[in-house]
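Reader: I have a model open on my screen and would like to learn how to read it. Could you walk me through some features, one at a time?

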Amino acid sequence: MKKLIFVVTLLVLNIQLFAKTHTLDEGKISFETDDEFQPFSKEIIDLKYLSKRAPKYVIGTKSTKTSIGFDIKDNQIEEINLEDARKAMSDTFSKIIPGINWVKNELIVVNNKKFILFNFLSNAIDTKINNTMLVTNYNGKMLLFNFNSTIDEYPKYNKTFDQIIESIKIEEKQ
């Protein structure tokens, strides 16, 4: 009986830890985080993403060393062509990202939806970054999630990132 109470308590705590829902496209795309991940200001987003291709939405920790960017981009991408997109994108990343070191570069399925998964280490101005990207088709456009953390903070958040990824839900037009 004590074990059952312990398990139920852990489940309740886990539900409470991931009680904040973030959405895109009027709630058709959603994922769960804990309250530690708060929206970044435009100024912080501009500092973190030097190019003009920053995700529209970025949330992260108070230190700003760990963040999650998410957006629907106008780039055309079809689920049937995800493998071709994966190859093309990984070739491009290998050419343009300084010091890239691939950890994972594959297709995965999250809640019955196929995604490209990129996980790599790269150099930032003053540190190394662990970057995990998920890319998929969403009604003909590109849905992008970008999880990144400095190498020193990554061990604290890698399991959290996995839980957030598993919470992604997508309701597409039929």
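Author: Let us begin with a salt bridge, which is a side-chain nitrogen of Lys or Arg within 4 Å of a carboxyl oxygen of Asp or Glu. Side chains of opposite charge can pair when their charged atoms come close. Before we look at cases, note that this is a predicted model, where local features need pLDDT of at least 70, side-chain atom pairs count only at pLDDT 80 or more, and totals for chains, interfaces and linings use all residues. Residues are numbered from 1 along each chain as its sequence is written, and side-chain values use heavy atoms, with hydrogens and water left out.

Reader: How many salt bridges does that rule give?

Author: The count comes to 7 salt bridges. One of them joins K42 to D46, with the closest N and O atoms 3.2 Å apart. Helices (H or I, at least four residues) and strands (E, at least two) are DSSP runs, numbered from the N terminus. K42 and D46 are 4 residues apart in helix α2, so about one helical turn separates them.

Reader: Which salt bridge links distant parts of the chain?

Author: Look at D152 and K65, whose side chains meet at 3.1 Å, N to O. D152 sits in the loop between β9 and α4, and K65 in the loop between β4 (57–60) and β5, 87 residues apart. D152 has 52% relative accessibility, so D152 counts as exposed; K65, at 35%, counts as partly exposed.

Reader: What is the order of the strands in the open sheet?

Author: Two strands pair if DSSP finds at least two bridges between them. The open sheet of 3 strands runs β1-β2-β10, with antiparallel pairing. Its edge strands, β1 (20–24) and β10 (169–170), each pair on one side only. Between β1 and β2 (residues 29–33) there are 5 bridges, and K20 has T33 in β2 as its bridge partner.

Reader: What is S167 in contact with?

Author: Contact means heavy atoms within 4.5 Å. Leaving aside neighbours within four places in sequence, S167 is in contact with S30, F31, E32 and N111. S167 lies in the loop between α4 and β10 and counts as buried because its relative accessibility is 12%.

Reader: Which residues lie nearest the centre of the largest pocket?

Author: On a 1 Å grid over the protein atoms alone, a pocket is an open set of points where a 1.4 Å probe fits, with protein on both sides within 12 Å along at least five of seven lines; lining residues have an atom within 4 Å of a point. The largest pocket has 38 lining residues, with K48, Y49, S51, N131 and N146 nearest its centre. Elements that give two or more residues to this lining include α3 (82–96) and β8 (128–138).

Reader: And which residues are closest to the centre of the second largest pocket?

Author: Among its 15 lining residues, those are K104, L117, T132, D162 and I165. At least two lining residues come from each of β6 (101–110), β7 and α4 (154–166).

Note on methods. Buried means under 20% relative accessible area, exposed over 50%, partly exposed in between (1.4 Å probe, protein chains only).
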